[in-house]
Amino acid sequence: MSDDHHGSAAAIAAHVRHVEALLEERGLVDPTELDRALVAFLARSSPAGGARVVARAWSDNAFRERLLDDANAALPEVGMSMGGGLQEQRLNVVANTDTAHNVVVCTLCSCYPIALLGPSPTWYKSEAYRSRVVRDPRGVLREFGFEPDPDVEITVWDASAESRYMVLPRRPTGTDGLDEKHLTELVTRNGLLGVAAV
Ligand code: FE
């Protein structure tokens with residue numbers, strides 16, 4: 001079953017449509033209801049969601065611990081979840097530190113935490129990024145205009161159908177006085193994927 005991860009997006013989409021048709025045929029699901037659910041899911045999915053999670057983690061150390069320990073269990077505290085799809089995916093939040101930096105990829109296709117970040121950017125799905133970031137993370141990060149210190153260890157996390165990753169960036173210095181709302185505005189999608197500092 002885990003080999004389904006390697007299937008083409010078109011094959012998966014066709015399979016989903018087939019299942020939808022069966023459910024509709026049996027009167028188990030109303031197609032307009034299904035569309036409404038999908039639109040609602042995408043409408044509440046954008047990098048602003050991930051940024052909110054990060055701002056809370058920066059502001060509340062106990063939340064940060066819970067988030068790193070079990071992200072799925074912690075997300076409802078900020079009104080979010082990894083549900084919304086056919087199955088709830090496991091989210092792993094990986095924290096950057098002075099000495100460790102994290103980057104996210106899906107080497108096989110384009111698995112991505114859509115519930116937290118919205119649809120993935122084109123570069124994330126590109127063959128160039130997927131194949132190169134594992135072999136040469138520093139080279140790829142440099143192309144994004146980001147150069148971690150040479151003594152920082154870089155870990156690349158490979159997402160899958162069941163497991164998704166999000167980076168918890170380091171809180172920028174000089175932001176002690178900022179509240180959660182303003183902290184949220186500092187976080188970028190690229191920072192949540194590890195190809196930017198924040
Ligand atoms: Fe994938």
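The lining of the second largest pocket consists of 7 nonpolar, 4 polar and 5 charged residues. This is a predicted model, so treat each stop as a feature of a prediction.

**Stop 1: the pocket.** Stay with the second largest pocket, which holds about 350 Å³ of space. Its lining is made of 16 residues. Select Asn96, Thr97, Phe146, Arg170 and Ala197, the ones closest to the pocket's centre.

**Stop 2: the iron ion.** Next, select the iron ion together with Cys106, Cys109 and Cys111. Which atoms of these residues are the donors? Cys106, Cys109 and Cys111 each give their SG atom, and Cys111 also gives its N. These donors lie 2.2 to 2.8 Å from the iron ion. Along the sequence, the donor residues follow the spacing C-x2-C-x1-C.

Why is the arrangement around the iron ion called irregular? The 4 donor atoms subtend angles of 76 to 122 degrees, and a tetrahedral label would need all angles to lie between 85 and 135 degrees.

Is cysteine 111 buried or exposed? Cysteine 111 is buried, because its relative accessible area is 8%, and buried means under 20%.

**Stop 3: the domains.** Colour residues 7-44 as domain 1 and residues 45-193 as domain 2. The C-alpha centres of domain 1 and domain 2 are 28 Å apart. Where the two meet, 4 residues of domain 1 are in contact with 6 residues of domain 2.

Notes: Residues are numbered from 1 along each chain as its sequence is written. This is a predicted model: local features need pLDDT of at least 70, side-chain atom pairs count only at pLDDT 80 or more; totals for chains, interfaces and linings use all residues. Side-chain values use heavy atoms; hydrogens and water are left out. Donors are N, O and S atoms within 2.8 Å of the metal (3.2 Å for Na, K and Ca); water is not among the atoms, so sites may look incomplete. Four donors count as tetrahedral if all angles lie between 85 and 135 degrees; four count as square planar and six as octahedral if opposite donors are over 155 degrees apart and all others between 65 and 115; anything else is irregular. Buried means under 20% relative accessible area, exposed over 50%, partly exposed in between (1.4 Å probe, protein chains only). On a 1 Å grid over the protein atoms alone, a cavity is a set of points where a 1.4 Å probe fits but cannot get out, and a pocket is an open set with protein on both sides within 12 Å along at least five of seven lines; lining residues have an atom within 4 Å of a point. Grid points are joined across faces, edges and corners, and a volume is the space filled by probe spheres set on the points. Ala, Val, Leu, Ile, Met, Phe, Trp, Tyr, Cys and Pro count as nonpolar, Asp, Glu, Lys and Arg as charged, and the others, Gly among them, as polar. Domain bounds come from an automatic or database domain assignment. Contact means heavy atoms within 4.5 Å.
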